[in-house]
Amino acid sequence: MSDTAAITTDEVKQRIRELLADLFGSDRSVSDVPDTVSLREAGLPSTALVSLLVAMEDAFGFEWDDDVEPEVLRSIESLAGHVVALRG
Amino acid sequence: MAVELGIPAGVAPETTLATCPVPWPHGPAQQFAAGRRAAASALAAAGSADRIVPRDPDGRPRFPRGFAGSISHTDHLAVAVVAAGAEAVGVDIETAAISPRTAAFVLRERERRTLLAPAGAYTPRELFAAKEAAFKALNGIGALGDFLFWRIELDQSDGALTASYRGEPVPVWVRSEADLSFAVAIRR
């Protein structure tokens with residue numbers, strides 16, 4: 001995917017799920033978490049959350065701002081919405 | 001996991017700690033239950049008659065009045081720390097390896113340069129745990145609002161580690177056992 005390619009929210013959500021599967025392997029309690037459910041409440045440890053954020057930087061070609069709002073990092077849907085907004 | 005966790009050196013002696021193994025299949029439900037069992041044990045050791053720790057709407061454990069506490073767990077072990085009379089407590093245990101990229105994400109350049117070995121005395125996992133523990137202790141302070149744990153800053157003075165966010169400090173103690181790092185932050 002190029003930095004300028006149009007990308008839909010569903011495509012981003014799917015890619016995030018792939019990243020989660022890469023990080024967690026067979027732990028389906030995390031990789032199958034519903035889009036709007038809190039990743040932390042679903043059992044994602046903080047080390048894994050940071051690993052996911054780092055992987056998203058590589059996958060989507062951006063860097064997280066220091067002042068990103070915590071709510072952006074809450075769920076697959078909120079993460080995807082942030083990426084789509086950046087790419088819009 | 002055959003690890004005997006103890007309160008790090010320097011923490012007030014009235015602080016109590018308890019652990020509980022997380023049974024198979026080691027999922028969120030088992031981790032939650034093990035954390036509550038550890039909390040009940042730590043509260044009992046601290047002298048609390050009330051040993052129930054419900055979950056607040058925001059997900060945080062609500063310890064009995066007068067017994068500040070905190071819970072952390074990995075897939076296999078839960079730990080709870082209680083400090084009677086303290087304003088807030090935060091505890092964190094970590095077993096995951098912290099990659100250089102992850103360390104760069106959560107630690108500022110100054111923190112990496114001064115606190116990590118060889119210039120400093122800490123490992124990336126210990127500093128990660130320190131920030132998480134401090135976050136739990138500071139997160140309940142309403143004036144600070146919602147923030148991310150890696151925004152906390154770590155400083156060392158006279159061998160002691162202090163975490164702070166927006167001018168609100170909390171001392172943090174860390175230790176490592178086998179493949180596990182453990183941090184406690186207590187705000188009085």
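**Domain arrangement and nonpolar cores**

In this predicted model, the centres of domain 1 of chain B and domain 2 of chain B, taken over C-alpha atoms, are separated by 22 Å. The domain assignment of chain B places domain 1 at residues 16-92 and domain 2 at residues 94-174. Seven residues from domain 1 of chain B and 10 residues from domain 2 of chain B take part in the contact. On the side of domain 1 of chain B that touches domain 2 of chain B, the most residues come from strand S4 (residues 88-94) of chain B, which gives five. By residue class, this side of domain 1 of chain B divides into three nonpolar, three polar and one charged residue.

The largest nonpolar core holds 57 residues, of which Val89(B), Ala130(B), Ala134(B) and Ala185(B) touch the most other members. Helix H4 (residues 124-138) of chain B gives the most to this core, contributing nine residues.

When residues up to four places away in sequence are not counted, Ala134(B) touches Gly90(B), Ile152(B) and Ala163(B), together with Val170(B), Val172(B) and Ala185(B).

Definitions and conventions: Residues are numbered from 1 along each chain as its sequence is written. Chains are lettered from A and ligands numbered from 1 in the order in which they are written. This is a predicted model: local features need pLDDT of at least 70, side-chain atom pairs count only at pLDDT 80 or more; totals for chains, interfaces and linings use all residues. Domain bounds come from an automatic or database domain assignment. Two residues are in contact if their C-beta atoms, placed from the backbone, lie within 7 Å. Helices (H or I, at least four residues) and strands (E, at least two) are DSSP runs, numbered from the N terminus. Ala, Val, Leu, Ile, Met, Phe, Trp, Tyr, Cys and Pro count as nonpolar, Asp, Glu, Lys and Arg as charged, and the others, Gly among them, as polar. A nonpolar core is a set of buried Ala, Val, Leu, Ile, Met, Phe, Trp, Tyr and Cys residues joined through C-beta atoms within 7 Å. A residue is buried if 20 or more other C-beta atoms lie within 10 Å of its own, exposed if 12 or fewer, and partly exposed in between; C-beta atoms are placed from the backbone.
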